[in-house]
Amino acid sequence: MSEPIKVLIADDMSKKAVDLLSGVGFSVDVKTGMKPEELAACVGQYHGLGVRSASKVTAAVLANPGKLKIIGRAGVGVDNIDVKAATDKGILVINTPQGNAAAAAELAIGLMFALARKIPQAAESMRQGVWEKKKFMGAEIAGKTLGVVGLGNIGRNAAERGVGLKMNVIGYDPFPPKTLPAGVKLVSLDEVIAKSDFVTLHVPLTDGTKNLFNADTFGKMKKGAYLINCARGGIVDENAVLAALQSGQLAGAALDVFGKEPPEPSPLFQHESLIASPHLGASTREAQEKVAIELAEVFIGFLKDGIVKNAVK
């Protein structure tokens with residue numbers, strides 16, 4: 001009798017993943033909150049490892065990979081996985097790019113509305129018992145230009161929603177897609193920066209995108225434009241955001257991600273034109289189910305039938 005395929009789920013994720021994997025006969029262990037040395041000590045017993053963002057799959061964790069054949073990230077970013085170390089050991093790394101696309105795009109659009117109408121600030125004022133109607137004069141979305149930086153799954157979803165809101169939507173991607181959503185115009189990054197009233201970021205954090213939006217970038221934007229980052233911390237220079245808000249170059253910024261998470265206390269978080277949230281892009285019940293199901297399906301296809309899908313390069 002052949003040995004059963006064993007999968008370790010090392011971070012919290014929807015039970016749908018366990019149900020699907022168990023349903024095809026895989027042996028599944030759920031062990032969350034392990035320290036790197038604990039993960040390193042046991043990971044070689046498993047054929048598959050499923051994580052979200054909490055577990056750090058470093059080269060040290062993969063030093064003795066044993067039976068491990070695949071690492072799956074329930075989400076898009078694989079910042080917490082040493083992809084090169086895994087590849088060098090012959091281990092496939094996959095992500096789940098479809099599952100949280102709608103959730104992240106909806107958050108970006110929600111933050112755009114919150115910026116335009118100063119909703120969090122007005123709500124906080126009311127909570128303090130103050131009626132300040134004139135203070136919270138806002139701007140309309142329709143007719144404004146939305147610039148989308150990154151036209152992958154999430155960026156395309158955000159762009160489509162912008163079109164539906166009757167915005168003029170322009171987008172940039174270093175690897176332009178073959179097709180674009182109806183109503184979206186592909187332009188250069190410089191054009192997105194110069195022409196947009198709202199800029200929303202949907203690119204991964206790489207050497208090429210680190211601090212992509214910095215003091216120089218903000219200086220080239222329309223005075224009074226708005227910035228939204230639901231992608232990755234580090235793409236935006238947070239000190240430069242504060243300076244641009246203080247000078248009025250940016251009318252507002254909404255950040256869901258930060259260079260360090262959780263971030264250190266900073267004057268940025270005290271600025272009245274900043275909206276901050278604690279990395280909520282994929283934090284919907286629907287998205288968590290979708291990414292868990294997508295991860296399980298890819299594991300089953302690969303470990304049972306050798307089908308490679310969603311491989312991270």
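Predicted model: local features only at pLDDT ≥ 70, side-chain atom pairs only at ≥ 80, totals over all residues.
Start by selecting P262, which sits in the loop between strand 11 (250-255) and strand 12 (274-276). Strands here are DSSP runs of E with at least two residues, helices are runs of H or I with at least four, and both are numbered from the N terminus.

Residues are numbered from 1 along each chain as its sequence is written, and side-chain values use heavy atoms, leaving out hydrogens and water.

**Two residues with positive phi**

Next, select H279, in the loop between strand 12 and helix 10 (285-305). Its phi is near 55°, a positive value in a residue other than glycine. H279 counts as partly exposed because its relative accessibility is 32%; buried means under 20% relative accessible area, exposed over 50%, and partly exposed in between (1.4 Å probe, protein chains only).

Then go to N211, in the loop between strand 9 (198-201) and helix 8 (215-220). Phi of N211 is near 55°, again positive in a residue that is not glycine. With 32% relative accessibility, N211 counts as partly exposed.

**Aromatic rings**

Select F213 and F218 together. Both F213 and F218 are buried. The structure holds three aromatic pairs, and F213 with F218 forms a tilted one, 6.4 Å centre to centre with 50° between the planes. Rings of Phe, Tyr and Trp (its six-membered ring) pair if their centres lie within 6.5 Å; planes under 30 degrees apart count as stacked, over 60 as edge-to-face and the rest as tilted.

For another ring, show Y46 and K6: K6 lies over the face of Y46, at 5.0 Å from the ring centre. A charge sits over a ring if NZ of Lys or CZ of Arg is within 6 Å of the ring centre and within 35 degrees of the ring normal.

**Two helices**

Finish with helix 4 (residues 101-117) and helix 5 (residues 119-127), which pack at an angle of about 60° with their axes 6 Å apart. Axes are lines fitted to C-alpha atoms, for helices over the stretch in contact, and angles run from 0 to 180 degrees between N-to-C directions. Helix 4 and helix 5 are therefore oblique to each other (under 35 degrees is roughly parallel, over 145 roughly antiparallel, 65 to 115 roughly perpendicular and the rest oblique). To see where they meet, select F113, A114 and R117 in helix 4 with I119, P120 and Q121 in helix 5; contact means heavy atoms within 4.5 Å.
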